[in-house]
Structure formats: C-alpha cells, structure tokens
Amino acid sequence: EAAARMTGRFKSRTSRVDVPHDDSSAAKTLSRRSESPSIDDLTGGINSSFDGIIVADLNGVISTVNETARELFRYETKEELIGKNLSILCGGSDGKRHDGYVKAFKKKLLDDPSSISNNKVLGRQRMLHACRADGTEFPCVIGIKLVANNKMIAGYIRDMTGVVSNEKKRVSVAMRISGAVDKVVDDHAYDAIIATDRGGTIQKVNAVAVKEFGYDSKDELVGMNLSVLMHGVIDHPEFLLDSHGEQRVINITRKDDSEMQCIVATRNVKGTPIVVSYIRNLLPVR
C-alpha cells in the first residue's frame, strides 16, 4: 500500500526530474541485479546510503527504515515508523488517496506479474511532497523498486528542498524579466527594437528589426552580440549601461554588410538586467 500511495502522489503532484546518481552500496546492489533484491541485500548498505530508504510490504506497511529516513522525516526513533502505513509520509491530499493507489498497484502486480517490466512507477524517479512527523512538508525525489522476490517495496527518498526553492526562484525571475521585455518589444512599433542583457547579448527583437537589418527571422538575431550591428558597442559598453534615455546617431551594419545611419535611443528596463534599444533609420529623413 505504501508503495502505491507514493506512486499515486507522483501522478497528481509531480513531474519527472533528473537526479544525481546514487553511489551508495544499497543503490548499487539494486542496479547490479536484474532479479528482485532480498532484504539481506539491502541491509548491507541501507544505513550508509545518502538517501532515506523505507521498505514496506505490498499493503504499504513499513518494515524497515534507515537512519537517513528517520532524520529526513524528523522522527525520534525508527520504531515510530515501523508498522505504520506509508500514507503518513505523504504530503497534501494524496495521503488520503494513497491506500487506493497501493491497492491498485498490488492488484495489478498479483494479477499480472509480467507487468513489472513496463510498470510506470518502478525504477523511475519522481518528485512529490512528503510529510514530516511535525506535519510540515518538503519536496523530495523518490525512486521505487520491488525487493524480496517482489513481495516488498523499497523507496529511495532524497530531500530536494534547496534545489527546488532555488529553481523556483530562478524561474520566477526569468518569467518576470520575460514579461517586462515582452511589454516593450512590440512587433507593431515604428522603430526597430532590440532587447539585450547588460553584456550586449541580444535577448529579443521585434519584426521591424528583422526587416530593417535584412535578416530572415528573429532567431538569427537572438543570441548575437549587439556589436555585430553596432561595431562601436563592443569597445564602449557604457553605451548600453550608462545611456538610459539618451539618443545617439550611429551606423548600423545589416546582414549583407551594407550600412544604414540610424538614431538609437536606449533605456533600462526597471528591475531587470535588460537594456532596450529603439533604432530608427535616418535615411528617409529630409
């Protein structure tokens, strides 16, 4: 049951992730054998594993835990977990549904033992939220394997708290920057508009820039340095960093190496490392 609960949670709450390889002796034992490892196989390395390891029967009743798991879930003793159902370790609303997941997992396994080879849960790692003894939750990655002639389930649990929070922060910042850039790089603007980072690497351009500079697509420009278009920029980075609100006349080099004289105004996008250049061709000016 425990295993099923853990697996059910994964379906509703989590996504697949890449996790560092576990070099612990317990993990090596599992990966080394094609057959289901015995409990004796596990005990040799279970307490030296970096991961929390919990072994339960097919009804989800915990029989073995290692010291890492005890610390991870903040229990005073291992005995507090022995004999308990895996559902007590499941975070969110999945704990209530975990028994159903385990029963379904067990039924499929007993009805069709050959299903082990293509089971969507076994041998894969998924991220979910687990519940500590004090009721607080934390993100973790768990991998599940059958052991003891497929009569028991072993779960390998790794705390991902720092990794997940840092990734969420990175994504949040990226989304904020992307949203700010989208507001200013307007395809319907009269000017060619180019957004760069403070090193001059082009992050986004509008359709006018593509047409004015003779490129075939926006993708051709994204990732290039602005110095490809404005040769003086590479020697004078302060043009981007310190010219907020200023306008300058500068020659722009098109894709075909021809040049066009333009007036360029720059502004910094508040709260981001993005600098936007508004470029207007002076050729039609009389």
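In this predicted model, strand 5, spanning residues 152–159, is mostly covered, with seven of its eight residues buried. Strand 1 (residues 52–57) pairs with strand 5 in the antiparallel sense, and six bridges link the two. Within this pairing, Ile53 has Tyr156 of strand 5 as its bridge partner. Strand 4 (residues 137–147) likewise pairs with strand 5 in the antiparallel sense, here over eight bridges. Gly155 of strand 5 stands opposite Ile144. Strands 4 and 5 form a hairpin with four residues between the strands, and in this hairpin Ala148 takes a positive phi near 55°.

Attention can now turn to strand 10, which covers residues 275–281. Five of the seven residues of strand 10 are buried, and the strand is therefore largely enclosed by the rest of the structure. Strand 10 runs antiparallel to strand 6 (residues 192–196), to which five bridges join it. In strand 10, Ile279 is the residue that stands opposite Ala192.

Strand 9 (residues 259–268) also runs antiparallel to strand 10, and seven bridges join these two strands. Here Asn268 is found opposite Val275 of strand 10. The hairpin of strand 9 and strand 10 has six residues between the strands, and Gly271 in this hairpin adopts a positive phi near 80°.

How values were computed
Residues are numbered from 1 along each chain as its sequence is written. This is a predicted model: local features need pLDDT of at least 70, side-chain atom pairs count only at pLDDT 80 or more; totals for chains, interfaces and linings use all residues. Side-chain values use heavy atoms; hydrogens and water are left out. Buried means under 20% relative accessible area, exposed over 50%, partly exposed in between (1.4 Å probe, protein chains only). Two strands pair if DSSP finds at least two bridges between them.
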